[in-house]
Amino acid sequence: MHQRILLRARKGPFDVLTPEETFAGNWIGDNSGNLVFSHAAHKLLATGTAQITPNRAPADPRDADEINERYDVFVVPLANAFRRSFVRRLNPLTRLIERLKIPVVVLGVGVQTNVDGDREYLRQIDEPVSAFCRAVLDRSHSIGVRGEITESYLRTLGFSAVEQIGCPSMFLHGDEFRLAKKRPELTTDARIALTISPYVASMAKIVRHHRERYPNLCYIPQDLRTLGTLLYGDAPEHRGKRSEMPLHTSHPLFVEDKVRMFVDPWTWMSHLSGFDFNFGTRIHGTITALLAGTPGYLFAHDSRTLELARYFDIPYRIMRDVPADVDAADLYAEADYTALIAGHKARFDTITAFLAKHDLGTSFADGDSAARFDKQVGETEFPPAVGPAAATAPAELLTRIERLRDENRTLAETIDGLRAQGLRQRIKQAVPDPVRRMLGR
């Protein structure tokens with residue numbers, strides 16, 4: 001008997017969308033790191049009897065009846081969903097779950113506060129988070145959280161059915177984790193990948209130092225705004241601006257064609273497999289490198305990044321303790337992956353036991369299911385990396401502009417139609433803010 005799984009995911013692992021389509025429809029959910037854990041969750045659940053359908057759209061309580069009829073379980077991989085800025089999306093998800101009659105399984109949700117776990121900062125989200133947890137636990141044995149910080153927070157709210165399971169992304173390859181340093185030490189000719197959260201301003205001096213010292217440095221952004229900047233140049237409100245951070249086309253990393261962004265995890269991992277080292281503030285940027293077999297190092301700048309680094313024994317430093325003159329060579333020498341590798345099977349057993357408790361199997365324990373997933377990935381042609389528009393051949397740039405024109409015409413018509421119906425909230429759900437601003441809508 002087939003198990004019909006509805007998976008909370010912006011897109012499926014084999015969906016092929018151009019970078020232009022990805023930007024126009026925000027198919028990365030603001031951050032390409034989201035695809036890493038949602039696609040890993042898909043593979044983890046892809047047994048021979050599972051029929052997995054990504055929901056692709058924001059949660060809408062009005063879909064509850066259809067979901068109850070068509071699916072057997074709703075699986076909800078989440079990242080840092082317990083944060084202030086996510087409440088406007090968490091509340092509709094809670095309202096949807098409250099209307100569901102099928103089991104609901106939450107994978108790897110995390111809380112976001114500072115690295116000290118500031119409890120007061122979270123007070124204003126206590127009730128939305130509590131409502132979400134009550135709704136889930138009415139339909140589930142327990143909630144799977146990222147690490148000890150989230151578990152502690154939920155226990156202060158009165159919830160005891162909480163299990164630390166990490167993030168599905170780290171289990172993309174099952175119970176094995178292969179990782180080794182490719183060089184005895186990093187020299188200036190090393191290929192180094194840099195991940196940056198644009199709002200962590202203290203990275204600016206670190207970026208400048210490494211750009212000057214390592215000629216083979218590559219910045220790999222993950223955010224929607226930077227994807228638009230790479231495709232089409234600076235948005236009108238950013239034209240002519242400069243920053244120490246790589247936010248605008250005037251930054252040396254853009255000018256020197258040292259920026260590459262990916263709209264699928266598979267091409268991203270393939271790219272990183274050729275690097276010697278990856279470091280920076282992005283947790284899924286770090287995890288993607290590790291999955292590619294490339295040593296990674298995290299600068300933990302909040303609770304969500306810190307607890308995952310601790311749970312998986314990923315080498316890290318707390319961002320506020322990182323000196324401006326830190327050097328990748330020292331981080332590389334310092335990084336020790338012994339605990340990460342040695343503890344991986346036990347952590348995999350933990351998440352598979354959690355899934356089994358919720359009547360979900362895994363592809364890795366289901367014959368060649370995991371291998372079939374990998375084979376389909378390998379047979380699918382995904383778009384290549386996106387580089388800065390200024391370094392793009394004129395013919396390709398013209399193609400990008402033509403695609404943008406066609407897609408924007410359709411989006412503009414959609415926005416105008418929704419506005420005519422007085423559905424402003426639906427506009428916000430359907431079209432990301434950067435795209436609306438670009439369209440002047």
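Q: Which residues are linked with Arg 183 in a network of salt bridges?
A: Arg 183 is linked with Asp 189 and Asp 276 in such a network. A salt bridge here is a side-chain nitrogen of Lys or Arg within 4 Å of a carboxyl oxygen of Asp or Glu. The model is predicted, with local features needing pLDDT of at least 70 and side-chain atom pairs counting only at pLDDT 80 or more, whereas totals for chains, interfaces and linings use all residues. Residues are numbered from 1 along each chain as its sequence is written, and side-chain values use heavy atoms, leaving out hydrogens and water.

Q: How many salt bridges does a search of the whole structure find?
A: The search finds 29 salt bridges.

Q: Why is the contact of Arg 372 and Asp 368 called a salt bridge?
A: The N to O distance between their side chains is 2.5 Å, and the cut-off is within 4 Å, so the term applies.

Q: What makes Arg 372 partly exposed?
A: Its relative accessible area is 42%. Buried means under 20%, exposed over 50% and partly exposed in between (1.4 Å probe, protein chains only), so Arg 372 falls in between. Asp 368, at 45%, is also partly exposed.

Q: Why is Asp 126 counted as buried?
A: Asp 126 has 13% relative accessibility, so the label is buried. Asp 126 forms a salt bridge with Arg 119, the closest N and O atoms being 2.9 Å apart.

Q: How do you know that Arg 320 is exposed?
A: Its relative accessible area is 54%, so Arg 320 counts as exposed. Arg 320 forms a salt bridge with Asp 116, with the closest N and O atoms 2.9 Å apart.
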